[in-house]
Amino acid sequence: MAGLKDIAIQAGVSIKTASRAIRGEGYVAAEKKQRILEIASSLGYVPNRAAQSLRSNRSSEITMVIWSLRSFKFSDNMYLEQMSGVESILEPNRLTMKVRVSQSIAEDESYAQEVIEGVIRNRPLGVILYPLPIDTLEKLLKKLEDNEIPTIVISSVYDVPDYDFVTIRLQSGVNAALELMYRNGRRKIAYIGTTVGSRLNPYNEFVQKNKLEPIHFNMAGGLSPIEHYELGIEFAERFLAENMPYEGLLAYNDYLAFGFIQKLRQEGIRIPEQISVVGIDNNNVCMLCKPNLTSISYPHFKIGELAAEMLMERISGKRKVPGRHENAKAELIVRGSV
């Protein structure tokens, strides 16, 4: 079954233009409108279930569930960019997005169950979830499935075989960062971060492959941007006290890298001549850093767009086989710190 995107591509117009022509709302040139309608007819296009939702006692909303208010507040533009990607798919289909942000991290399974039960009572057309502890997540996915609510999970940590996931693959970006430092002659490359596998695992694989010494400085998770910045300063002081024994650093995020570089520059250490530094997230602080910070970037808009496209396939009935997994690969944005 064809969708608006298929019609738009074949007609050589935007999705919004195709939607306006089919709905008969807004201005579309007569000749262009006729071509769009002919293509829609030839492809057997059936309007989205938003119009059918009243008959199924469902709203025309898609609900996005974010499990931590703290994470939402300190995420820079990550969630907003992903929401923009989701909205770019929903708006032409006349669907709306509702965002549910919980007040605390949902490590308590009973709390997570309450949140999802509230979502189910509102009967959304579909749900986009962020990850939870794996056992809890599987139970919530089963509950949503039992209530016939299509669900997509956006995750950088893991996926579940029988459900739909957009998985953020950091490995490509980490490999590119480490390869660049390695090509530049860096052999003692440290990683400062938590033990979360999406960051640590590719680092460990790279140093093992290239027979380098693994140098991992562990840190606590759940910190605010200012706390990460201050932690970067603390690690810089530690490196200085040890007479700068390392040649490269992969930092858990850009704020930590920023604090690290600021402190080293105050002490006369030259970046990248004496040590190369790479952050993760590619947020706005990269351009405040001197030199500008090399960082691993997530394609956040594309992640949201892909999640929404997969959800629309489920809602429209175009895809019934469960367990579609799509990868969104991170990339390295090279600047002056390497």
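Me: Is C286 buried or exposed in this model?
Reply: This is a predicted model. The relative accessible area of C286 is 0%. Buried requires a value under 20%. C286 is therefore buried.

Me: Is C289 buried or exposed?
Reply: The relative accessibility of C289 is 0%. The cut-off for buried is under 20%. So C289 counts as buried.

Me: How are α8 and α9 oriented to each other?
Reply: Helix α8 covers residues 171–183 and helix α9 covers residues 197–209. They pack at an angle of about 40°, with axes 9 Å apart. Angles under 35 degrees would count as roughly parallel, and 65 to 115 as roughly perpendicular. The two helices are therefore oblique.

Me: What is the handedness of the α8 and α9 crossing?
Reply: Two packed helices are described by the angle and the distance between their axes. For α8 and α9 the crossing is right-handed.

Me: Which residues of α9 meet α8, and how does the contact split by class?
Reply: From α8 come Q171, V174, N175, L178, E179 and Y182. From α9 come P202, Y203, E205, F206 and K209. By class, the residues in this contact are six nonpolar, two polar and three charged.

Me: Which residues does H300 touch, leaving out those up to four places away in sequence?
Reply: H300 belongs to helix α12, residues 300–316. Its relative accessibility is 8%, so H300 counts as buried. Leaving out residues up to four places away in sequence, the residues that H300 touches are M78, E81 and Q82.

Me: Where is P272, and what is the peptide bond from I271 to P272?
Reply: P272 sits in the loop between α11 (254–266) and β9 (276–280). Omega for the bond from I271 to P272 is near 10°. That peptide bond is cis.

Me: What is omega for the peptide bond from K290 to P291?
Reply: P291 lies in the loop between β9 and β10 (294–297). The bond from K290 to P291 is cis. Its omega is near -5°.

Me: Is K211 buried or exposed?
Reply: K211 is in the loop between α9 and β7 (215–218). Its phi is near 55°, a positive value in a residue other than glycine. Exposed requires over 50% relative accessible area. K211 has 77%, so K211 is exposed.

Me: What is phi for N243?
Reply: N243 is in the loop between α10 (225–241) and β8 (248–251). Its relative accessible area is 67%, so N243 is exposed. N243 is not a glycine, yet its phi is positive, at about 60°.

Me: Over the protein chain, what share of contacts with a separation of 6 or more joins residues 24 or more positions apart?
Reply: The protein chain has 12 helices and 12 strands. Its C-alpha trace spans about 70 × 50 × 35 Å along the principal axes. Of its 338 residues, 49% are buried. Among contacts with a separation of 6 or more, the share from residues 24 or more positions apart is 72%.

Notes. Residues numbered from 1 in each chain as written. Predicted model: local features only at pLDDT ≥ 70, side-chain atom pairs only at ≥ 80, totals over all residues. Heavy atoms only, no water. Buried < 20%, exposed > 50% of the residue type's maximum accessible area, 1.4 Å probe, protein only. Axes fitted to C-alpha atoms, helices over the stretch in contact; angles between N-to-C directions. Helix = DSSP H or I, 4+ residues; strand = E, 2+ residues; numbered from the N terminus. Parallel < 35°, antiparallel > 145°, perpendicular 65-115°, else oblique. Left-handed = near helix turned anticlockwise from the far one by under 90°. Contact = heavy atoms within 4.5 Å. Nonpolar A, V, L, I, M, F, W, Y, C, P; charged D, E, K, R; others polar.
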